[in-house]
Amino acid sequence: MILKSFRYIESKTIILPVLLALIAPVNSVVAGAQPKLVLQITVDALRGDLLNRYSKVLGEGGFRYLLDEGIYYNNAHYQHANTETIVGHTSLATGTVPAAHGMVANVWFDRERNRLVYNIEDANYHLLSAAADVDKKTEIDPTQKAAKVDGRSPNNIITSTLSDEMAVHFAGRSKIFAVSVKDRGAVSLAGHAGKAFWFSKASGEFVTSNYYYEAYPEWVKNWNARKPAEAYSGKSWALLEKPANYLFADADDLEYETDLAGFGRTFPHAYGKTGDKYFTTKLTLSPAGDALTLDFARTLLDKEKLGQSDVPDYLAISFSSTDYVGHIFGASSLESEDNIAQLDRTLADLFSYVDKKVGLKNTLIVLSADHGQPEVPGHLHERGIAKAHHFDVEALDKTSAIAAIKKQFGLEVSSGKKSDKKPDKTSDKANKEKLIEAYFHPYIYLNHKLINKKGLDQEALEKTLVNELLKFDGIAYAVSSAALRTNDLPDNEMMRSIKRNYHPKRSGDIYVVFEPNVFINDFDGLTVASTHGSPWSYDTYVPVIFAGAGLSAETVNRAITPYDIAPTIAAYLKIKPPSGSIGTPLLEVLDR
Ligand SMILES: [Zn+2]
């Protein structure tokens, strides 16, 4: 017996790890050890070049911690065509393209319900708070206005998320949470198994739906009762740094910036007072939205005791302000630059808090963005680049070209714009005659019932419409879904990106691609400075940075995709990748 035990202890497989553990310094990460927390940060619309461009206003411990101590992939691009928020967030969560995860656009036309739907709306659920639903009178997000019900859930996400895989692998013992100002920024990353919280502009609170909870946890009630948004009443968004420190110090008042709801084009931008019509909206259009998100996330981390057990927990935080600021003021503006500076301090605060509570060495951090953003045409004009303009959707039904199709097929054709505005108020009779059911960029949806009823050749109709659309100034490609289904397309990257966006139940019949630096900037009366969503590289380019958990600093120039993130985390945790994952695990992160 003694001899047997002795031999057992002597075997190399046992004695080596024991010795290594004894030699290793107390604070170092033990090779192969699981992190206690996976912290997935998304900065909405953080284009891949912006951190470098605005590096002068970055402080210590925020972005610099990630860039200087993490593994920084500086050549990451999405490969799907529709670079919108839900599409990118879900790709980050699932490691795959919209053709697989199904979130093909922020808004699509639901053939069964015969109306436009918002990506995560779900009539089976409701918000837990009264008076927290989208206020259509003050809502500036055109996609939110498409929602007909207040309920939100991840049920439209077809494949599993990394957070789902953690929930399954660790037998439900991983705590999984996601927080964002935007509902879709949180619901996507929480996956089907986690809990999501987001900011309601209507109530000024962080809210959730009864998909996740029957009642709010006490700490959420207490956080909301404190009314942190009201602390901004009567205050303004002011510059963080001395004006001389900014690249755009002398370019605050630009005629192509949007003065939305009295927020102004120049610093300081006054929030107004609690109760003012656009008070909470203005918070989201400024660094205040990110600061509130951080405050809520810090409380969550503490009260839910994340990173304190023997299995890894998951926290996703999506910071939305960069996107809103970009839409209103443009990527090249003093506002965008200051917003990055302020987000940098917000991240420094987050990392120092995580270090105190969990330890950065025990936390695997990944930061990326759901998409990039374009330059405002006015800014490009100032640089001498003339080929940049906004696209007038109204023009689509004024031309004789569309009228020609109408004549050819003997049908009424109404513009998508009109059907977007009042899809439910249109009379049944008019609906029957509408050839174009809806146009919600990037897809045009044809009236299938009418096509079937009249026995029209849909493929021929799509082809004719494509040819007519290509005559418009600013439209680079119009790709019919019939061509996608039959693979009747030129073999190039643009067509592949549209194919990766194609889901047979949700995609429209024609995909419209504008030329570079051309986009729609008018949404039902709301004018913005810029709109992302194109397949062009300014919209596909995002940073990908892994840090914490004992990773060593490295800058990687190799081309990667954000689809690689979820399978990399899965491989790091030694769990299976999400069900639709197509990404490749990043070896720099796994080599530990
Ligand atoms: Zn976004």
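A nonpolar core is a set of buried Ala, Val, Leu, Ile, Met, Phe, Trp, Tyr and Cys residues joined through side-chain atoms within 4.5 Å. Buried means under 20% relative accessible area, exposed over 50%, and partly exposed in between, with a 1.4 Å probe and protein chains only. The model is predicted: local features need pLDDT of at least 70 and side-chain atom pairs count only at pLDDT 80 or more, while totals for chains, interfaces and linings use all residues. Residues are numbered from 1 along each chain as its sequence is written, and side-chain values use heavy atoms, with hydrogens and water left out.

The protein chain holds 24 helices and 21 strands. Helices (H or I, at least four residues) and strands (E, at least two) are DSSP runs, numbered from the N terminus. The radius of gyration, taken over C-alpha atoms, is 25 Å. The globule rule (2.2 Å times the number of residues to the power 0.38) gives 25 Å for 592 residues, so the chain is as compact as a globular protein of that length. The C-alpha trace spans about 95 × 55 × 50 Å along its principal axes. Of the 592 residues, 59% count as buried. Contact means heavy atoms within 4.5 Å. Among contacts between residues at least 6 apart in sequence, 74% join residues at least 24 apart.

The largest nonpolar core has 154 residues. Those that touch the most other members are Ile 41, Phe 63, Phe 197, Leu 315, Phe 351 and Phe 546. Helix α13 (residues 334–357) gives the most to this core, with nine residues. Another core lies apart from it and has 24 residues, among them Leu 446, Leu 461, Leu 465 and Ala 478. In soluble globular proteins, nonpolar side chains tend to be buried together.

Phe 546 has partners from several parts of the sequence. Leaving out residues up to four places away in sequence, these include Tyr 73, Leu 364, Ile 569 and Val 589. Asp 344 is placed in α13. This residue is buried, with a relative accessible area of 0%. Beyond its neighbours within four places in sequence, Asp 344 is in contact with Val 57, Leu 58, Gly 59, Gly 62, Phe 63 and Arg 64.

An open sheet of four strands runs in the order β13-β14-β16-β15, with antiparallel pairing. Its edge strands are β13 and β15 (475–480), each pairing on one side only. The twist averages 20° from one strand to the next. Two strands pair if DSSP finds at least two bridges between them. Four bridges join β13 (residues 436–440) to β14, and these two strands form a hairpin with two residues between them. Phe 440 has Tyr 443 as its bridge partner. Two bridges join β14 to β16 (residues 510–514). Here Ile 444 is partnered by Ile 510.

Strand β14 (residues 443–446) is covered on both faces. Tyr 443 and Tyr 445 are buried on one side, and Ile 444 and Leu 446 on the other. Helix α19 (residues 458–469) lies across β13, β14, β15 and β16, at about 175° to β15. Axes are lines fitted to C-alpha atoms, for helices over the stretch in contact, and angles run from 0 to 180 degrees between N-to-C directions.

Helix α11 (residues 287–303) is mostly covered, with twelve of its 17 residues buried. Among them are Leu 292, Phe 296 and Leu 300. The expected span of a helix is 1.5 Å times one less than its number of residues. For α11 this gives 24 Å, and the end C-alpha atoms are 24 Å apart, which agrees.
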